[in-house]
Every structure is written in C-alpha cells, then in structure tokens.
Amino acid sequence: MHPPVRSIQKKKQNVEIVSTFPAQPSPMASLTICRATLTRLPALQLTTSPSASPSVSFNFNCFRSRILRIISPKRHHHHRATMASSAPAQERTTAPYGSWKSPITADVVSGASKGLEGTAVDGQGRLIVLESRPNEGGRAVLVRLADKAGDEAVDLTPKEFAVRTTCQEYGGGAFAVSGDTVIFSNYKDQRLYKQSINGRDSTPVAITPDYGSPVISYADGVFDYRFNRFFTVREDQRESATNSTTTIVAVDLNGKDVQEPTVVISGNDFYAFPRLDPKGERIAWIEWGHPNMPWDRSELWVGYISENGEIHKRTCVAGYDPSLVESPTEPKWSPGGELFFVTDRKSGFWNLYKWIESENSVQVVYSLDAEFSKPLWVFGSSSYVLLQNNEGKNLIACGYRQKGRSYLSIVDDAQSSLSVLDIPFTDIDNITLGNHCLYIEGASAVDPSSVAKVLNHILSEVIIIEAICVSLFQITLDAIQSKVLEFNIIWSSSPDSSKYQSYYSLPEFIEFPTEVPGQSAYAYFYPPSNPDYQASKDEKPPLLLKSHGYGREYRDRLLLKWGIVDVNDCCSCAKFLVDSGLVDGNRLCITGGSAGGYTTLAALAFKDTFKAGSSLYGVADVGLLRAETHKFESHYIDNLVGDEKDYYERSPINFVDQFSCPIILFQGLEDKVVPPDQARKIYEALKKKGLPVALVEYEGEQHGFRKAENIKFTLEQQMVFFARLVGHFNVADEITPIKIENFD
C-alpha cells in the first residue's frame with residue numbers, strides 16, 4: 001500500500017482530477033476522473049493515464065503498465081488548440097456522457113504497450129531496457145535496442161526466464177549490466193543469474209544457491225571490478241516470511257561452483273543503494289530501521305574496503321544527528337571519486353548534496369523547493385547522473401519535480417547553478433548514463449512513456465535527445481539557450497498511438513480549498529473531449545476521483561491521520577468541482593488502488609459525498625493489515641493510524657452499517673501487501689447488508705495487475721459497474737457485465 005510520498009509544495013498537496021471524455025477507452029469514455037494521490041509514487045506513481053487516452057483514471061503504475069501518459073503543462077493546451085484550429089469543423093453527435101464511441105478501447109489500453117522497468121548500457125554503449133509485457137502475462141524481458149535505424153531490437157532473456165525480483169515485495173533493481181555481462185534476478189526462483197549478452201552462448205547461469213523455493217531474493221546490485229564480485233541487497237525469508245532479514249552481500253563471480261553469498265553489511269532492518277567508488281576502495285549505502293520508512297529517517301554510510309576485500313572502517317555521512325530530521329537517498333560517486341547524494345534536511349525537500357570527506361561534513365550543491373529524488377518504494381531508482389566537462393568540473397544531469405511537473409536540468413557543482421532544458425517531457429523518472437550520452441525516462445500528456453537518449457559533447461555545444469521506449473523521438477537542443485531545434489519520432493513500441501491524438505483530453509491545473517482554513521490543495525482536471533461527440537447543454541459529466549500525494553510536509557500531515565486527512569481532501573475536491581459547475585453532484589464516484597483503495601472505502605464508510613466506489617486491492621481492515629503485511633511496511637501503519645482505538649475506528653469493515661452505496665472490488669490472490677481476505681471480508685459484509693457489491697479475484701496476480709486480460713477486464717467491469725448503478729448511460733462497447741450481488 002502506497003501512501004502519499006511525492007513532492008509538490010509546502011503546505012499544499014496535490015490532487016489529480018480526470019474528467020472523462022470520449023477520448024478514453026470506451027469503457028471509461030464518459031466519466032470525470034479526479035486523483036488525489038495516496039498510492040505509491042512512482043513508481044512511483046506517476047500522475048498519468050493510459051497513453052491511449054489521458055482520461056483513463058486507473059493508475060497502472062503499481063504494476064508498471066507503462067502505457068501511461070503523464071500530465072501536461074499549460075503549453076500543451078496551446079499546442080492542442082493550434083492543431084484543432086487548423087482542422088475543418090465537424091458536426092458532432094449529441095449523446096450522453098459515457099455513451100460516446102471511441103477508438104481507444106480497453107484492448108488498446110491493456111495491450112498496446114510494454115511497461116518499462118529499468119534501463120542500462122552495455123560495454124558497446126547500446127541501450128538495454130527491461131520491458132514488462134502484459135500480453136505475456138506481465139513477463140519482464142531484457143531487450144537490447146537497435147544500434148541504428150532499420151535494425152531490430154533483440155530479446156536477451158530466454159523464454160523460460162523472466163527478470164523480476166520480489167525483494168521487499170515491491171521489487172525494482174532486478175538487473176545490472178557490466179560490459180557484455182548482465183546479472184539478473186529470475187522471477188520464478190528468485191536466484192541471481194549471470195548471462196553473456198554478446199557471445200554465442202548466452203544461456204543464463206545461476207550464481208546463487210537453490211534453496212528449494214524462492215525464500216531469498218536480491219535487488220539493487222553493483223559490480224565490484226576490484227575483487228570480481230557482485231554487491232547486492234538480499235532479503236532472507238528462510239526463518240520468517242513476515243520478519244525477513246535484510247543485508248548487503250557479496251556474490252563471488254570467480255569460480256564455476258555456486259557459493260553462499262558473503263554478508264558484508266548487516267545489523268539494521270533495511271538496506272538500499274550499495275554503490276562503489278570508481279576505484280572500488282569505498283562503498284556507500286543507505287540504511288534505516290523500524291519504525292521508520294526510508295522517507296521518514298534514514299542514514300547514509302561509507303565503508304572503506306581493505307586489500308583483502310573486507311570493510312574495515314565505516315563512517316556515517318548523514319542521518320546520524322537525532323536533532324536533524326532527514327532521509328538521505330541515492331548516493332553516487334563522481335568520476336573523480338566524490339560522493340554525492342540527495343537529502344531533505346532543513347528545507348523538507350530532497351535536494352542535492354555532497355560529502356566533504358576530509359571533514360566528514362556535507363555541503364549543499366543546489367537547493368530548491370522541489371524534489372530531486374523520489375520515495376524509495378522500489379529499488380534501483382536513478383534521479384540524476386554525474387559527468388564531467390572538458391575542464392574536469394562536475395556536472396549533474398537531474399530531474400526534479402515542482403508543483404506537479406518534472407523538469408530536466410543541468411547543475412554545475414562548482415558554480416551551484418542550475419539550467420533547465422526545454423524538452424517535451426513533463427514527468428521524468430529515471431536517468432541512465434551512457435557513453436557520452438544520457439538516457440531519460442519520461443512522458444507528457446501527448447508523449448507516451450519513453451526513454452530519451454541525450455547525446456552531449458560535455459554539454460558544451462549541442463545536446464540531442466531521442467526517446468526510445470513507447471515513443472522514440474529526437475530533439476536537438478542548444479546547450480546554452482536550452483531551446484528545442486528539432487523533434488522527430490524515430491521509434492515507437494505503440495506505433496498506432498499517434499492516430500488517437502485527436503481523442504486525447506488534456507488536463508487543467510486547479511487549486512481548491514481544503515477543510516483546513518487557509519490551506520489549499522492542487523488538482524489536475526481532465527474535461528470531457530471528443531471530436532465526434534458532445535453532450536447536451538443541460539448535462540454535466542459524472543466524476544471519478546482518484547487520490548495520490550507529495551512531499552515531507554504533505555507526508556507528515558498524514559501521520560496519525562490516515563483515513564481522515566486523505567478522505568477530507570477527496571471530498572473537498574469533489575465538492576469544489578460540483579460548486580464550480582464542472583461535474584454532476586449526483587454522479588460522484590471514487591476509485592483507488594492499495595492505500596487509494598483504503599481511501600475509497602473510508603470515504604464511502606465515513607462520508608456521504610460519493611455515490612459509488614471501486615477498490616483495487618484496497619485495505620478494509622487496518623488492524624488486519626498491520627498483523628499480516630510484509631516487513632517493509634509492518635510498522636508504517638502505526639505511524640499513520642495510532643492506538644488500538646484508532647485502528648478500530650479507521651477500519652471501514654467495522655462500520656458496514658454506514659455504507660450506503662454500491663462498491664466493486666478487484667483483488668489479486670497472490671497479494672502479500674494487502675492479503676485477499678481484506679476484499680473478501682468487505683464483500684461478504686456488504687452482501688449481507690444488502691448493498692450492491694461485486695468482487696473480482698485474479699489468480700496469479702500480486703499487488704497490482706500485470707496481465708493484459710486482467711487489466712482489460714478491470715477497466716471494462718469498472719466502467720459498466722458505474723454506468724449501471726450511477727451513470728445512467730449505456731457504454732459504447734459490447735461488454736458483458738459480471739453479476740452484482742443485491743442488484744442482479
């Protein structure tokens with residue numbers, strides 16, 4: 001379950017509103033969608049919607065279905081208006097919201113694109129991406145992209161393997177590349193395998209022991225060239241599945257025999273980001289312990305490696321001062337051996353810092369009321385990379401997020417200056433350093449989730465950007481003025497997506513008052529849009545609201561108030577839209593996944609704002625969640641809820657008598673974060689009470705849905721459920737609805 005952990009602005013939070021329009025897949029074509037994020041970011045969680053149509057409200061980031069589209073800035077509205085004005089006027093059909101026909105179907109949304117779960121560069125400078133494929137049951141495959149136009153991409157992962165780690169349940173950091181070698185975690189057995197990606201024999205070879213079942217998992221690894229070994233985070237569940245042991249281990253790469261990895265760093269509850277300096281003489285890492293989450297309090301350490309390969313001296317760089325609240329993250333070594341990292345000390349925002357080793361002190365590199373990193377829900381994130389110019393000065397290529405929008409920038413360490421590059425992306429995820437180039441994962445409301453390749457001559461003259469995943473394009477930038485000179489799409493994993501562009505709905509950024517006097521929240525509102533249809537003048541669209549959130553001050557607002565602050569903000573958002581005349585107050589719906597699913601259930605149990613809801617693997621009983629959830633979040637719930645009385649009073653399952661509207665629930669049967677009993681318990685209770693309710697369970701799905709058929713089915717059934725029970729419209733597509741208890 002992913003509570004709000006994304007940056008925005010002090011004293012304000014972000015809500016995302018999406019209003020339906022025929023632009024979205026027909027199953028969602030008539031709803032208005034509002035998101036106030038309570039789910040993980042980013043992954044994490046992006047403020048996105050499916051590439052086929054930015055209007056689709058369901059957040060698939062939790063299972064990394066990267067057919068999603070990120071919210072656009074105002075300038076995209078101007079671009080859209082310009083295109084529209086040049087097209088001949090067409091007569092539109094008048095029809096109710098929800099009944100508008102759209103070429104963007106649930107099939108398009110669920111299977112049109114591959115997810116992106118990481119990038120790396122091999123020894124020849126070729127880009128390797130980790131693709132998750134909904135049409136292959138969510139299987140993740142390493143793919144080497146073509147060197148030049150006309151060549152084809154090559155699958156590196158044999159069909160009997162899938163690259164994915166379950167470490168800490170959310171995974172991430174499932175592979176690492178060095179030269180012509182890749183080490184990856186295999187999903188089925190969770191063992192590490194080594195594979196040659198250039199030679200004739202590319203059969204993966206196991207390098208960690210077989211324990212008979214996937215009780216040990218690995219993530220976030222790095223090659224140690226000095227001693228020919230592989231440092232990685234290891235989660236060991238051999239003694240307890242709910243109280244695993246996490247360490248940093250070294251896996252020997254010298255011999256042919258598989259050996260037990262050597263524990264090199266241990267003693268705390270959690271570890272992440274083991275990173276070696278260029279000479280292999282120092283290793284940096286992040287660690288933290290219960291009851292903290294990594295964005296609450298963490299520590300950055302450096303260990304010195306002796307001639308025999310042991311860590312003989314350790315120094316805490318940041319996070320050791322109990323009077324200074326901070327959560328350092330993402331340590332990286334410069335080519336010259338300086339340690340950089342990101343932390344949120346003093347300002348409350350994750351900003352860039354570096355370690356002054358001689359004094360064991362830290363120095364801010366650049367400070368801004370914006371986030372230069374993201375919450376550590378998954379391993380292996382890379383928000384910035386270090387390079388040097390011709391004068392040997394450190395330059396930092398980084399993405400930062402401010403007021404709901406991402407920016408690509410270059411920070412000059414010596415001058416403590418920042419230059420923003422004008423690129424189409426409005427959301428930036430990870431950045432990977434290639435041979436004299438950068439690869440940037442990003443997206444916008446009109447650009448699908450992509451990997452951008454930035455070629456640079458140490459940023460002195462020209463920068464070229466090529467997006468290489470869902471859409472691949474090339475942009476030439478002037479390095480001084482940061483102006484876009486060229487834009488050409490050269491590759492796309494969803495080649496048909498451009499033909500739907502006229503059906504895209506673009507977001508409007510709004511601000512609305514919360515229940516706290518003088519405090520506002522932000523939202524992105526997607527108004528209905530379709531070139532072929534319009535509604536009657538006296539009809540207002542339904543609303544589908546979805547929640548998410550941002551930043552330390554925002555996160556701290558939720559401490560001991562989960563189920564109160566988030567619910568109030570969602571209700572305030574819906575009320576603002578109704579009062580503004582933008583949506584129909586009698587057709588307000590709410591949805592969310594994981595923690596957002598909890599917000600959905602809590603809003604329906606404790607408020608009467610919404611008329612129907614949809615919960616995707618949401619929490620119904622916070623006490624049961626605390627008792628059954630995995631180690632990573634086992635103490636997090638206490639921070640969000642409080643004492644036993646609060647646990648009882650915040651659990652929607654204990655107040656079934658207060659539910660008064662229809663609910664549909666979707667649940668994966670292998671979910672260890674929010675176990676299936678949560679959904680079953682709320683389903684049986686509402687069924688007994690006589691409320692319309694439906695439960696959909698998916699075999700083989702975990703916390704989030706990866707299979708195309710399940711993504712499609714969820715979209716369709718959610719749409720039909722709202723249409724039948726609240727919307728009062730007939731959906732455009734032929735969809736057979738599932739049985740709704742106490743209704744059919």
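Biologist: In the hairpin of β29 and β30, which residue takes a positive phi, and how many residues lie between the strands?

Modeller: This is a predicted model, in which local features need pLDDT of at least 70 and side-chain atom pairs count only at pLDDT 80 or more, while totals for chains, interfaces and linings use all residues. Residues are numbered from 1 along each chain as its sequence is written, and side-chain values use heavy atoms, with hydrogens and water left out.

The residue is serine 416, with a positive phi near 50°, and the hairpin has four residues between the strands. Strands here are DSSP runs of E with at least two residues, helices are runs of H or I with at least four, and both are numbered from the N terminus; two strands pair if DSSP finds at least two bridges between them. Strand β29 (residues 405-412) and strand β30 (residues 417-421) run antiparallel and are joined by five bridges, with isoleucine 410 standing opposite serine 419 in β30.

The side chain of aspartate 427 makes a polar contact of 2.9 Å with the side chain of arginine 401. A polar contact is a pair of N or O atoms within 3.5 Å; within protein, one must be able to donate a hydrogen and the other to accept it, and residues adjacent in sequence count only if both atoms are side-chain atoms.

Seven bridges join β15 to the antiparallel strand β16 (residues 229-236), and serine 217 has glutamate 235 in β16 as its bridge partner.

A buried serine can be found elsewhere: serine 102, in the loop between β6 (93-94) and α2 (106-111), has 2% relative accessibility and therefore counts as buried. A polar atom of the serine 102 side chain lies 3.0 Å from the backbone nitrogen of isoleucine 104. Serine 102 is also 7.9 Å from alanine 732, C-alpha to C-alpha, although 630 residues separate the two in sequence.

Notes:
Buried < 20%, exposed > 50% of the residue type's maximum accessible area, 1.4 Å probe, protein only.
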